[in-house]
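Please open the model in a viewer in which chains and residue ranges can be selected separately.

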Amino acid sequence: MSNTKKVLMKGNEAFAEAAILGGCRYYFGYPITPQNEIPEYMSRVLPKRGGHFIQAESEISAINMAYGAGAAGGRVFITSSSPGIALMQEGMSFLCSAEVPCVILTVSRCGPGIGGIQPGQADYFQATRGGGNGDYKIPVFAPSTVQEGADLVYESMALADKYQNPILIFTDGLLGQMMEPVALPEPVVDIKSTDIREHKPWALTGYWDDDKKRNTVISLRLQPERLEEHIHKLFARYEQAEKELTRVETVGIEDADVVLVAFGTMARIVKEAIDMLAAQGIKAGLIRPISLWPFPYATFDKLTDKTKVVISAELSMGQMIQDVKLGVKDRFPVKLLNRTGGMIPTSLEITERTAAILKEIGG
Amino acid sequence: MTKKMFFAGYGGQGIMLTGQMVASAAILEGKETTFFPSYGPEMRGGTANCTVIVSDKPISSPLIFESDCVLAMNLPSMLKFEPTLKPGGVLLLNKSLIHQAAKRDDITKYEIAANEMASELGNTVVANMIMLGAFVRTTGIVKEESIIQVIHNVFDQKKAELADLNIKAFNLWRD
Amino acid sequence: MLKPVFEYTKGMLRVDTNFCPGCTHGISHRLITETLDEMNMLGKTIGCGPIGCAVMAHRFMNVDMCECAHGRAPAVASGVKCVHPDNIVFTYQGDGDLASIGTAEIIHAAARGENITTFFVNNAIYGMTGGQMAPTTLVGQKSTTTQAGRDTHQSGFPIRVSELIATLDGAVYVERVALNTPANVNKAKKAVRKAFDVQQKKLGFSFVEFVSTCPTNWGLSPLAAMDFLKNEMLPYYPLGVFRSPEGGEE
């Protein structure tokens, strides 16, 4: 297939451009490595495309600016990296509660604490469980190529509006910093500020005439009956998201001796390892969750009795493995194959460790 | 065909641009490619490096642990990446800054006095382009005309005179 | 025919407020909405409320309005204003919300010269959570977390927010007013109008501090609270214009 219509783009810049093409006109950011190309790109490009860029005084302010612009009906994109995302958690819970759309992208690094700036996946719990308070959920997509990341950001701009909820894109320093050929999507039709009320009747726009309904966007619900009812309303939407947004890629899982589960960067390395394992006569398959929430639990039902072990391959001390176990439902042993702290295993290391695990369980 | 390579040198030697030019040339030829730079504090003054993969099929991991080619602009780069070369791989050394011989004898080595050659052109900044010319002519991973096209794309309109200088440097080294 | 001597203002919705007897939130709510009504801007305004006693402001003020997480209203308003630059956008915040947890947000919204208006209710105490020390609690003033009176060795000094904001070049209009007498309330209303005028002319950030009362948490009757405001608060928080588009202090 010819690649000639594609352009070589750095992940971070491709994600920023895809957001603009998806209708983002409002971006609020705070510097943090390894995502700085995004606020830099937005500051340069967004004002020329009829949008607004503000360098916020903190990630806390950035997400609250996003809340304001989102509540006012604008299409908003914000980005950060692990510790910055931690600071945004209050806001994420608030946006879910207030039903305000927003697309948030993390270019994750390593923790705990300030940790390091190399790629990591130890924010799996942060992304899928969240550090904000209360009953809420945020759909999380984890691309594994720059193209897939750009496509998911673009699509999520509309999905956030549809679900009236934040959507989180989980990338890492490798995807943000690397360059790959990208084919960019067509720009969506821009909605003028004065037309927002037609498209988003709930948004804060001012009601203009006395006979029009006044809008409020709120989070506080002191009466338990009302709050419970509201949470059920949110969860009806999350149930719909589980049906509509569960996404997964599988490679050769039906007759695999061993099935590796990996997402994002790790899934790319695992794919290479699968070819190397095949050369040794080991049939390895891959389950690559593209949506981390909703997690593709049902995909694990497709594994056959030929499979001897399922391996969760992660750049953390083992977080996704909890979801993998929920999917496996005790049908197979589940093992962890991991590196952490910014160390990334080579495909050779994955190959050797996978073979060793198979041997250990007597496969 | 999948070719994996390291480009490495001091920050400021144009290593990232060199790697990106190879990746861009690969796209012009309809090939798959990935470019992954080292990032973080080490970029300032220390050793900068990037990995580039060019393939005629989709690329899974952009990270490499064994390489087909290493382009080393300084000594630390040679010491770090020479061991990654597969037997028969190509090692391109900037002789101007590397006064130590490569150890391996199962690889093909080219020593290029890139800084001196660039000085003769009147600008040491284009030492990377002289090395890039050597890379293309010794490995054939991308075509010369693709790189020339990429140089024109990078140095367009306002910087057109820079394109001429870079092309001159790119064309300089012949085996 | 009899002329009505009092009417509901169109800017206030016909619901009972949750404020205590003698609390001045009702006055500041009314001043803001009445001014918007006079400007014919009620339908073209978006308010951003605080966490604190005024968290329910959106139930009383007849404008589009949102709640904001504690202290974040200036950031939220900055976002709203990006989308609707021709609407009036204001924040309404208490002293804990604005001068404690939200210090970064208010300082930077002012420093950026956001074309929004902030109304700051300074009653020197946390109201809704039950009378704890606020950043504006006076030295010696009793609160549930300074039960022997605010001791500067233990709890530091109260912050004069208007003076602080006035040092920022992005702030175009900064005034402190009080809600303790009819004359001061009239002055306060003029300040509200001026702040909105500044915003309508797109001159930059405007800020009005209302020196207010909290009889319940001060442990005083409404009348005694007015005396406390005059005798204790005003000496530390002097009234006046700290910055205006005409330049300098008035």
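The model on display is a predicted one. For the complex, the predictor gives an ipTM of 0.95 and a pTM of 0.95.

**Stop 1: chain B alone**

Select chain B and hide the others. Six helices and six strands make up its elements. Of the 175 residues in chain B, 49% are buried. Among the contacts in chain B with a separation of 6 or more, 54% are between residues 24 or more positions apart.

**Stop 2: where chain A touches chain B**

Now show chain A beside chain B. This contact takes 23 residues from chain A and 20 residues from chain B. On chain A, select α8 (173–177), β8 (179–182), α11 (264–279) and α13 (347–360), the elements that give two or more residues to the side touching chain B. Which of them gives the most? It is α11(A), with four residues. Coloured by class, this side of chain A has 10 nonpolar, eight polar and five charged residues.

**Stop 3: all three chains**

Two pairs of chains are in contact, and chains A and C share the most contacts. Chain B and chain C, by comparison, are joined by no contact. The closest C-alpha atoms of chains B and C lie 28 Å apart. Chain C averages a pLDDT of 96, and 99% of its residues score at least 70.

**Stop 4: where chain A touches chain C**

Keep chains A and C in view. Chain A contributes 36 residues to this contact and chain C contributes 28 residues. On the chain A side, select β2 (26–29), β3 (52–55), α3 (59–71), α5 (89–98) and β9 (216–217), which are the elements giving two or more residues. The largest share of that side, eight residues, comes from α3(A). By class, the side of chain A that touches chain C has 17 nonpolar, 14 polar and five charged residues.

Next, zoom in on β9(A) together with β2 of chain C, residues 64–66. How do these two strands run, parallel or antiparallel? They run parallel and are joined by two bridges. To see one bridge pair, select A:Val217 and its partner in β2(C), C:Cys66.

**Stop 5: the sheet in chain A**

Finally, return to chain A and select the strands β3, β2, β4, β5, β7, β6 and β13. In that order they form an open sheet of seven strands with mixed pairing. β3 and β13 (291–293) of chain A stand at the edges, each with a single partner strand, so one side of each is left without a neighbour in the sheet. β3(A) pairs with β2(A) in the parallel sense, over four bridges. Within this pair, display A:Tyr26 and A:His52: A:Tyr26 stands opposite A:His52, which belongs to β3(A). Both β2(A) and β3(A) are also among the elements on the side of chain A that touches chain C.

Technical notes:
Residues numbered from 1 in each chain as written. Chains lettered and ligands numbered in written order. Predicted model: local features only at pLDDT ≥ 70, side-chain atom pairs only at ≥ 80, totals over all residues. Buried ≥ 20, exposed ≤ 12 C-beta atoms within 10 Å, placed from the backbone. Contact = placed C-beta atoms within 7 Å. Nonpolar A, V, L, I, M, F, W, Y, C, P; charged D, E, K, R; others polar. Pairing = 2+ DSSP bridges. pLDDT = per-residue confidence, 0-100.
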